[in-house]
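Good morning. Please look at the sequence and the structure on the screen while I talk.

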Amino acid sequence: ASLLLLALFQASKADDSWDYTLEHSLDGVTFQERNNFRIRVSDLASGRKKVEFSPYEVDADTVQKLLTLSKNGESYLLRTNVRPSGVAPAYVTTHVPACALIASGLVESIIFHLDSTERLISFEYANEIFEASSPVCSDTGGKKLKKIKSR
């Protein structure tokens, strides 16, 4: 069972920003709301974008499920709906070995790709990768994993 993440999309042209609601599945079947993020144009002259994430606190059960994925060499999957609400969904997906999240202390490094109209078209992880047999994949090293930090 892999951890899946679903983002539901809502566009807001008024302030050149797009809001997403993230949901995740720790069993690969059912989804629960996780947190939100916004992609916005922070500098109109340069077209520079900024991504802002709301915090996401994880409970002990979630950490245990992530550790199980990691120990089993499974991937943490992300799936994002790139269409506005009210339109049939279209998803883009990325993945990273769950071990990479455990080893990073639950720090996600995500790169977003936008089209010429500033809409999300794909995204990818940029976390350091470890072999599933590495000790960092099955042990938190004494770190208290309390929230997923996205950047």
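I will go through the strands, the core, the rings and the charged pairs.

This is a predicted model, so local features need pLDDT of at least 70 and side-chain atom pairs count only at pLDDT 80 or more, while totals for chains, interfaces and linings use all residues. Residues are numbered from 1 along each chain as its sequence is written, and side-chain values use heavy atoms, with hydrogens and water left out.

Some terms before we start. Helices (H or I, at least four residues) and strands (E, at least two) are DSSP runs, numbered from the N terminus. Two strands pair if DSSP finds at least two bridges between them. Buried means under 20% relative accessible area, exposed means over 50%, and partly exposed is in between, with a 1.4 Å probe and protein chains only.

Start with β6, which covers residues 75-84. β6 runs antiparallel to β7, and seven bridges join them. In that pairing, L78 has T94 of β7 opposite it. The two strands form a hairpin with six residues between them, and G86 there takes a positive phi near 90°. N81 also sits in β6. Is N81 buried or exposed? N81 counts as buried, at 5% relative accessibility. A polar atom of the N81 side chain lies 3.2 Å from the backbone nitrogen of A90.

Now look at the two faces of β7. V92, T94 and V96 make up the covered face, whereas Y91, T93, H95 and P97 make up the uncovered one.

The next hairpin is β9 with β10. These strands pair in the antiparallel sense over five bridges, with I110 opposite Y125 in β10. Five residues lie between the strands, and E118 in the turn has a positive phi of about 70°.

There is also an open sheet of three strands, in the order β5-β11-β8, with mixed pairing. Its edges are β5 (56-57) and β8 (107-108); each has a single partner strand, so one side of each is left without a neighbour in the sheet. Two bridges join β5 to β11, residues 147-150, and these two run antiparallel. Across from E57 is K147 in β11.

On to the core. A nonpolar core is a set of buried Ala, Val, Leu, Ile, Met, Phe, Trp, Tyr and Cys residues joined through side-chain atoms within 4.5 Å. Which residues touch the most other members of the largest one? They are Y76, L106, F112 and Y125, out of 29 residues in that core. Several elements give two or more residues to this core, among them β2 (17-25), α2 (98-103), β9 (110-114) and β10 (120-125). As background, nonpolar side chains tend to be buried together in soluble globular proteins.

Take Y125 as an example. Contact means heavy atoms within 4.5 Å. Not counting residues up to four places away in sequence, Y125 touches several residues, including Y76, L78, T94 and I110.

Next, the rings. Rings of Phe, Tyr and Trp (its six-membered ring) pair if their centres lie within 6.5 Å; planes under 30 degrees apart count as stacked, over 60 as edge-to-face, and the rest as tilted. The structure holds five aromatic pairs. In one of them, the rings of F53 and F112 have centres 6.3 Å apart and planes at 35°, so the pair is tilted. F53 is in strand β4 and F112 in strand β9, 59 residues apart, so to speak of this pair is to speak of distant parts of the chain. F53 is partly exposed, at 23% relative accessible area. A salt bridge is a side-chain nitrogen of Lys or Arg within 4 Å of a carboxyl oxygen of Asp or Glu. How many salt bridges does the structure hold? It holds two. In one, the side chains of R40 and E52 meet at 2.9 Å, N to O. This pair links distant parts of the chain, with R40 in β3 (residues 32-43) and E52 in β4 (residues 48-53), 12 residues apart. R40 is partly exposed at 26%, and E52 is partly exposed at 29%.

The side chains of K65 and D61 also meet in a salt bridge, at 3.2 Å, N to O. K65 and D61 are four residues apart in helix α1 (residues 60-71), and therefore separated by about one helical turn.

That is the end of my part.

Notes: Polar contact = N/O pair within 3.5 Å; in protein donor to acceptor, adjacent residues only side chain to side chain.
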